[in-house]
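Here is a short note for a colleague opening this structure for the first time.

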Amino acid sequence: MKLFLDTANIGEIREAWGWGVIDGVTTNPSLVSKEGRKFEDVLREVCSIVDGPVSAEVVSTDHEGMVKEGRALARINRRIVVKVPMTAEGLRATKTLSSETIRTNVTLVFSANQALLAAKAGATFVSPFIGRLDDVGNEGMQIIEDIVASYSHYSYRTEVLVASVRHPVHLVQAAKLGAHIATLPFPVLKSMIRHPLTDIGLERFLKDWERVPK
Ligand code: G3P
């Protein structure tokens, strides 16, 4: 399973990229607004660090506006994938952009039906938001299972990108279901690394090593 970092923070991206475990980055308007910088400047810097897909979201809601914004975003860097909301206009924009070989990520997906439509429209990635489904009392991971199972019968090229990941258990579940990608916040990536038994074990090894004659 590929791992994308869900952030627009350059410090986090630089550090995680250095660990050699990140395959791309996803951003959204809320994440970009936290940085207090121009969107284009952030994107250029992210693309200079990350050798992989970088999702950048349009904010227009009509087909024409989304396509115009999407083309401009794609011109910034070849790594940019245009993130488009899961609406009827968003599907039209996905179809148009993909016919121009501009990669797309259909976002704000909350059902397997929406994911089927995104694949039909030619999306490169589809982003089901599992954490937000959990928040309203649904089992978010169930739609990942449904989408992966539905896609498996057909030859869609769309990759399932598990989004709105909140904790490390989500990652294990997504990988067991065979999702292509999961995008995760930096704190979740850090908590995937840590295990108390690793820390205790390392401390013991280093202590014992002090007693080895030098
Ligand atoms: O980037 C989309 C998604 O990952 C947002 O997650 O935590 O705001 O639901 P969250």
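1. In the protein chain, 58% of the contacts with a separation of 6 or more join residues 24 or more positions apart. Contact means heavy atoms within 4.5 Å.

2. **Basis.** This is a predicted model: local features need pLDDT of at least 70, side-chain atom pairs count only at pLDDT 80 or more, and totals for chains, interfaces and linings use all residues. Residues are numbered from 1 along each chain as its sequence is written, and side-chain values use heavy atoms, with hydrogens and water left out.

3. **Overall build.** The protein chain has 11 helices and 8 strands. These are DSSP runs numbered from the N terminus: helices are H or I with at least four residues, strands are E with at least two. The C-alpha trace spans about 75 × 40 × 30 Å along its principal axes.

4. **Burial.** Of the 214 residues, 46% are buried. Buried means under 20% relative accessible area, exposed over 50%, and partly exposed in between (1.4 Å probe, protein chains only).

5. **Cores.** The largest nonpolar core holds 59 residues. Such a core is a set of buried Ala, Val, Leu, Ile, Met, Phe, Trp, Tyr and Cys residues joined through side-chain atoms within 4.5 Å. Leu-5, Val-46, Leu-73 and Val-162 have the most contacts inside the largest core. Helix H8 (residues 140–151) gives the most to this core, with 6 residues. A second, separate core of 5 residues includes Phe-4, Phe-125, Leu-161 and Ile-181.

6. **Leu-73.** Neighbours within four places in sequence are set aside here. Leu-73 then contacts Phe-39, Leu-43, Ala-56, Glu-57, Val-58, Ile-80 and Val-82.

7. The salt bridge count is 10. A salt bridge is a side-chain nitrogen of Lys or Arg within 4 Å of a carboxyl oxygen of Asp or Glu. One of them joins Glu-40 to Arg-44, with the closest N and O atoms 2.5 Å apart. Both residues lie in helix H3 (residues 39–49), 4 residues apart, about one turn of the helix.

8. **A pair between loops.** Asp-51 bridges to Arg-79, the closest N and O atoms being 3.2 Å apart. Asp-51 lies in the loop between H3 and strand E3 (54–57), and Arg-79 in the loop between helix H4 (63–76) and strand E4 (80–85), so the pair ties together parts 28 residues apart in sequence. Asp-51 is exposed, at 53% relative accessibility. Arg-79 is buried, at 16%.
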